[in-house]
Amino acid sequence: MSAAVSSGGTPPGSPETRRIVLLRHAKADWPQVSDHERPLAERGRKDAPVAGRRLAETGIDFDLALCSTAARTRETWKLAVHELPHRPKTVYEDRLYEATLGDLLALLAETPDDVNDLLVIGHNPGVHALADALAGSTEGDALARMTRDGFPTSAFAVVSFSGPWKSVEHGVGRLLDYWTPHE
């Protein structure tokens, strides 16, 4: 796996190349609170900054971050974003909590066209289902590793596609990278 995901250059007249990074929240604890309010476990508080550093190493300069409103995703983002070179605009989105694949595709379709690189901080099974659905092709063994490992906490996938956000659908993307904190 490369340390950076090539941004390449978009030739004039070519469709815009966009990237979606799907980050699953870090490991959560199970205290006596509602599922939505579950905080990170100690391991999650250690893994989230590591995921942030690895996100920084991709070289992707995020235009927008969409984060679930659940406590564990907000805490993951708070710990990870400090590792990035700059903080992207962040929108806390209720619809990411318990989102189905269809819900996630609908959210992506609403993304403004001036956003080229989008980070989504969410939950399984949705983030794994979306990464799998979008990946019509793959770089190296990323898809095989994602299939083998599932989508553990703090893992992320980088998917690229060309065209407007409204065109995001099954198989349009290329899985460029897949990372887990305990490889």
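Strands β2 and β3 pair in the parallel sense over five bridges, where two strands are said to pair if DSSP finds at least two bridges between them, and where strands (E, at least two residues) and helices (H or I, at least four) are DSSP runs numbered from the N terminus. Between these two strands the chain passes through helix α2 (residues 71-81), and this β-α-β crossover is right-handed, in the sense that, with the strands pointing away from the viewer, the path from the first strand over the helix to the second runs clockwise. The model is predicted, with pLDDT of at least 70 needed for local features and 80 or more for side-chain atom pairs to count, whereas totals for chains, interfaces and linings use all residues. Residues are numbered from 1 along each chain as its sequence is written, and side-chain values use heavy atoms, with hydrogens and water left out.

Five of the five residues of β2 are buried, that is, under 20% relative accessible area with a 1.4 Å probe and protein chains only, while exposed means over 50% and partly exposed lies in between. Leu64, Leu66 and Ser68 point one way from the strand, and Ala65 and Cys67 point the other way.

Ser68 belongs to β2, which spans residues 64-68, and it counts as buried because its relative accessibility is 0%. Its side chain is joined to that of His123 by a polar contact of 2.8 Å; such a contact is a pair of N or O atoms within 3.5 Å, and within protein one atom must be able to donate a hydrogen and the other to accept it, residues adjacent in sequence counting only if both atoms are side-chain atoms. Leaving aside residues up to four places away in sequence, Ser68 touches residues including Arg74, Tyr92, Glu93 and His123, where contact means heavy atoms within 4.5 Å.

Helix α3 (residues 101-109) has Leu104, Leu105, Leu107 and Leu108 as its buried residues. They lie on the same side of α3 because they cover an arc of only 160° around the axis, the arc being that of the directions from the helix axis to the C-beta atoms. These buried residues pack against β1, β3, β4 and α4.

Leu108 is also among the residues with the most contacts inside the largest nonpolar core, which has 29 residues; a nonpolar core is a set of buried Ala, Val, Leu, Ile, Met, Phe, Trp, Tyr and Cys residues joined through side-chain atoms within 4.5 Å. At least two residues of this core come from each of β1, β2, α3, β4, α4, α5, β6 and β7. Apart from this core lies another, of 16 residues, among them Val21, Leu23, Leu84 and Leu119.

Helix α5 also holds Thr147, which is exposed because its relative accessible area is 56%.
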